[in-house]
Amino acid sequence: MSDYTLLIQMMNGVQYGLLLFLIASGLTLIFGIMGVINIAHGSFYMVGAYLAWSLTGLTGGFWSALALGVVLSIILGVILEWIFIRFLYDKNHLQQVLLTYGLILIFSELRSILWGDDVHSVAIPSILEGTFQLTESLSYPFYRLWLSLVCIAIAGLMYFLISHTRLGMMVRAGESNREMTVALGINIGFIYRFVFALGVSLAAFAGMIASPVSSVFPGMGNQVLIVSFVVVVIGGLGSIKGALLAAILVGLLDTFGKVVQFDLLGMNIFPSLSGMSIFLLMAIILIVRPQGIFGASTK
Amino acid sequence: MSRSLNKCLIPVLVLSLLLVPFLFDRFYIQFISKILVMIIFASSLNLLVGYTGLVSLGHAAFFGFSGYVLALLSNPDGPSNFFLSLTICIVATGCLGLIIGALVLRTRGIFFIMATLAFGEMLFYLLHDTDFAGGSDGMYLDHRPSFQILDYWQLDLSSVTQFYYVALVMMAISLFLIRTMLSSPYGRVINGIRINEHRTTALGYNTYLFKLVNFTVAAMIASLAGFLAAAQFGVVNPEMVGWHLSGHVLMMVIFGGLGTLLGPILGAASMMFLEEIFQVITKHWQLMTGIVIVGVALFMPRGLAGIRFPSSVDKQTNKENHSS
């Protein structure tokens, strides 16, 4: 493997990892602050990608689709929290898993009714077409680089929001002591609704910006859900910093697992075992440090 | 009152189950056999979720693993011995359960859910991405396992009637086994772990060991269901170990009623009947299944058994406390 191929794979891995971070950060926020396990989170990613596809067709442009899609996904998040999720706060994990599992089925069928079961693709917007020529035969697309930069910008924005604004302060207060926060006159219901809508829109946004590089297909939500859970568990539940680190680690591991050749007993085991590798990492982390890399403590 | 009701209800139920092959046609016998297999599977998960309080989202790993072991055992020359292959399946899955259990039981709560999910998915990708067991297409069994009584009669699992009776007997054995286990002193420790693990530890029990034994037993009972599922249609595929099946069976257990012997029976049967009806009504039947699941989660967390007999959980624990 030449240096440039290595560089490209590394950038692909980081880009995949950053995308995972957008999804996993919502998941980890919803768990850390609201105490809800939301296994329907992958559905929002899928909804985002389908929104990007259908809105690009309706509005005629990727950027307008993106803007409209974000607004719609925030509305979706608020409505879902109001109808379903707010009843889960005082319930046990089992009921949360059950309800959100039901939501997965509902979303996947609604998607099938609204948009059909076909695989679609979204065109890369014209400004971001084109590639960097690295060598004669190797190049890196602008769009992927833009995607990584957007993810980094969002990560920075989230850090600012959580640790340097009044709203973020209320969110952190709600996380560490719910009763005390309520006693101080902060509307915790609003905070929860905000956090849930933020999580939904982050996952949907990830689906939207990912749609031009990966195709839009029915099972995309489930695939990404499991990987995001791996990220959240490795990073530590409720830790955004942990989610970022774990997401990039998982992204790199997954990408390199697919390209590295590794022979064992005459069998080339690596490409076929790349799907397993991240779960292996998660199993090791859970055994060595059950609370995750940045997790506070096991509850 | 419910005691006398039970007394006449059970013989009627047993009799009608025995008569199923004479009353229905092929399709329904096959369908009811599928329900029996799911009852075994759901009961084994109930042992973990309902009685011990361990929520596993990777229980299908054991179900599917057992099916794959059976498929790998089958050879083109002729049927393998029923009892021998069943024993191998159960022992192999028990070993897998022991290894996975020893690791995942180090974690608690949500981490336990995630850890079981991770191991289930690991097995899924191993079977899905490598070729030794047919990859994403799965495998066909060359012959279904069989046994012979002298020279008169040979078991033929491809006959729906014969399979039905085998499944019925297996279900009866597993339910009897679970009941016996739970009413023994061992069962009381398991109950104690669910209610208050710290206190059970303080009483001098090694709760980790008890949980590990229970996890392994649950895996072995699930392997019985997986063995039957593979033998029924003669085919295995990676979806048998996937987390969707784990989620589905978890739902059956909760739908029926956690921590009751009756729960998984009601849950598996009613859920499969409902889905069958939904599939007739609409192509988008999973939408209706989803709505039912959400409704159950919001309005009846104690499941069907909780509705019919409001105090069945307490009654059972009380009964166990009074016996011996």
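How are helix 3 of chain B and helix 4 of chain B oriented to each other? I took up this point at the start, keeping in mind that the model is predicted.

**Entry 1: a helix pair in chain B**

I looked up the axes of helix 3 (residues 60-73) and helix 4 (residues 82-104) of chain B, which come within 9 Å and cross at roughly 135°. Helix 3 of chain B and helix 4 of chain B are therefore oblique to each other. I noted the handedness of this crossing as right-handed.

I then listed the residues that meet. Helix 3 of chain B brings B:Phe62, B:Phe65, B:Ser66, B:Val69, B:Leu70 and B:Leu73, while helix 4 of chain B brings B:Ser85, B:Ile88, B:Cys89, B:Ala92, B:Thr93, B:Leu96 and B:Gly97. Sorted by class, the residues of this contact are nine nonpolar, four polar and no charged.

**Entry 2: chain A as a whole**

I counted 11 helices and four strands in chain A. Its radius of gyration is 20 Å, close to the 19 Å from the globule rule for 299 residues, so chain A is as compact as a globular protein of that length. I recorded a box of roughly 65 × 50 × 40 Å along the principal axes for the C-alpha atoms of chain A.

I also checked burial, and 46% of the 299 residues in chain A are buried. Of the contacts in chain A between residues at least 6 apart in sequence, 76% join residues at least 24 apart.

**Entry 3: a helix pair in chain A**

I next examined helix 2 (residues 41-59) and helix 8 (residues 188-210) of chain A, whose axes come within 7 Å and cross at roughly 45°. This angle makes helix 2 of chain A oblique to helix 8 of chain A. I found the crossing of helix 2 and helix 8 of chain A to be right-handed.

Among the residues making the contact are A:Phe44, A:Tyr45 and A:Leu51 of helix 2 of chain A, and A:Val200, A:Phe205 and A:Met208 of helix 8 of chain A.

**Entry 4: where the chains meet**

I turned to the interface, where 37 residues of chain B are in contact with 36 residues of chain A. On the side of chain B that touches chain A, helix 5 (109-129), helix 10 (243-256) and helix 12 (285-299) of chain B each supply at least two residues. Helix 5 of chain B gives the most to this side, with 15 residues. I classed the residues on this side of chain B as 24 nonpolar, nine polar and four charged.

Notes: Residues numbered from 1 in each chain as written. Chains lettered and ligands numbered in written order. Predicted model: local features only at pLDDT ≥ 70, side-chain atom pairs only at ≥ 80, totals over all residues. Rg over C-alpha atoms; globule rule 2.2 N^0.38 Å. Buried ≥ 20, exposed ≤ 12 C-beta atoms within 10 Å, placed from the backbone. Contact = placed C-beta atoms within 7 Å. Axes fitted to C-alpha atoms, helices over the stretch in contact; angles between N-to-C directions. Parallel < 35°, antiparallel > 145°, perpendicular 65-115°, else oblique. Left-handed = near helix turned anticlockwise from the far one by under 90°. Nonpolar A, V, L, I, M, F, W, Y, C, P; charged D, E, K, R; others polar.
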